[in-house]
Amino acid sequence: MRAFFDVTAGLWGALRAPRVLVLVWAAITAIAIPSALACGELAGRDAPRFSSPTKLPADGDLLASLDVGIGASLALAALLGVFFTGGFLAYCRGGSGPPVARVFREFLGACGRNFLTNLRVAAVFAVLALLLGWGVQSLDHALRDRWLHDREPGAVVFEIGPLIVRWIHLLSAWDLARGFAFLVLVFVMKAAMAWTVGAGNRSALVATGVAAWRCATQPIRVLLVVAAWTVVWVALASLIGEATVVLLEVRVNIGLAAVVGQAGVLAGIVAWLGFTIGAQRVVGSASPAVAPDGR
């Protein structure tokens with residue numbers, strides 16, 4: 001039940017911060033514009049070379065430069081995500097009750113105050129993500145190349161009435177579990193950032209330990225919250241993606257497709273902020289007191 005309230009409170013808290021939503025959307029859109037223009041220029045200039053899905057362009061430098069631009073945009077977006085997270089955690093306090101909206105200038109000030117601390121937290125979790133990736137990849141290698149290398153993917157593992165489970169089903173479930181593990185790690189990182197904002201502690205290692213402990217003592221709650229937001233993300237991506245394809249390929253309405261795509265970006269930001277509030281509620285720390293006028 002608490003997980004349900006965490007998700008609803010996160011959604012409500014995000015929707016109650018329209019100026020934050022607009023600011024984050026504008027920043028992400030500004031970052032994406034150069035890469036989008038580069039993609040459009042490349043597609044227009046080299047459209048005949050991309051006519052066959054089995055052939056790559058002859059000039060690899062074009063794709064290489066495009067990859068660099070997209071990578072730089074993603075890196076900048078990640079830094080902005082860390083920057084905005086500190087402000088949002090102070091602007092919409094989660095804790096154990098409903099989120100409390102703050103004045104907008106508190107959001108802008110908290111972004112700057114918490115940026116370096118949250119950047120250190122993100123660095124700690126980047127190392128943990130690398131370790132998790134290494135461990136998961138090693139286990140995946142052992143699973144596929146050692147234990148199941150001689151198994152037929154379509155072979156039945158067990159059968160209970162109408163339910164038939166094959167090896168391919170188990171491998172697909174394993175792939176989903178790998179991705180879910182990284183989402184849980186991101187959730188713990190958000191909880192660590194929330195704890196630093198609430199407690200005023202600047203130690204990334206202490207925040208990581210506190211967040212990991214509090215999430216570990218509430219495993220069902222954490223898993224349900226992460227699962228709920230995962231379903232929201234997948235549903236949004238599928239819905240927006242299908243609508244965009246229909247508008248582009250069936251109705252050939254580029255303008256409306258662009259509007260729908262930007263609506264999808266805004267919905268994704270709402271989900272990201274709601275996910276952040278959920279982590280804040282789980283870690284159970286409140287933001288420092290701020291007067292109604294923002295002082």
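Phe115 is partly exposed in this predicted model, with a relative accessible area of 22%, where partly exposed lies between buried (under 20%) and exposed (over 50%), using a 1.4 Å probe and protein chains only. Phe83 is also partly exposed, at 27% relative accessibility. Residues are numbered from 1 along each chain as its sequence is written. Local features need pLDDT of at least 70 and side-chain atom pairs 80 or more, while totals for chains, interfaces and linings use all residues; side-chain values use heavy atoms, without hydrogens and water.

Rings of Phe, Tyr and Trp (its six-membered ring) pair if their centres lie within 6.5 Å, and planes under 30 degrees apart count as stacked, over 60 as edge-to-face and the rest as tilted. By this rule there are 6 aromatic pairs. Among them, Phe83 and Phe115 are edge-to-face, 5.7 Å centre to centre with 70° between the planes. This pair links distant parts of the chain, with Phe83 in helix 3 (residues 60-91) and Phe115 in helix 4 (residues 104-147), 32 residues apart; helices are DSSP runs of H or I, at least four residues, numbered from the N terminus.

Phe84 and Phe107 are stacked, because their ring centres are 6.1 Å apart and their planes at 10°. Here too distant parts of the chain are linked, Phe84 in helix 3 and Phe107 in helix 4, 23 residues apart. Both Phe84 and Phe107 are buried. Phe83, Phe84, Phe107 and Phe115 form one aromatic cluster.

As for confidence, the mean pLDDT (the predictor's confidence in each residue, from 0 to 100) is 78, and 80% of residues reach 70 or more.

Terms used:
Helices (H or I, at least four residues) and strands (E, at least two) are DSSP runs, numbered from the N terminus.
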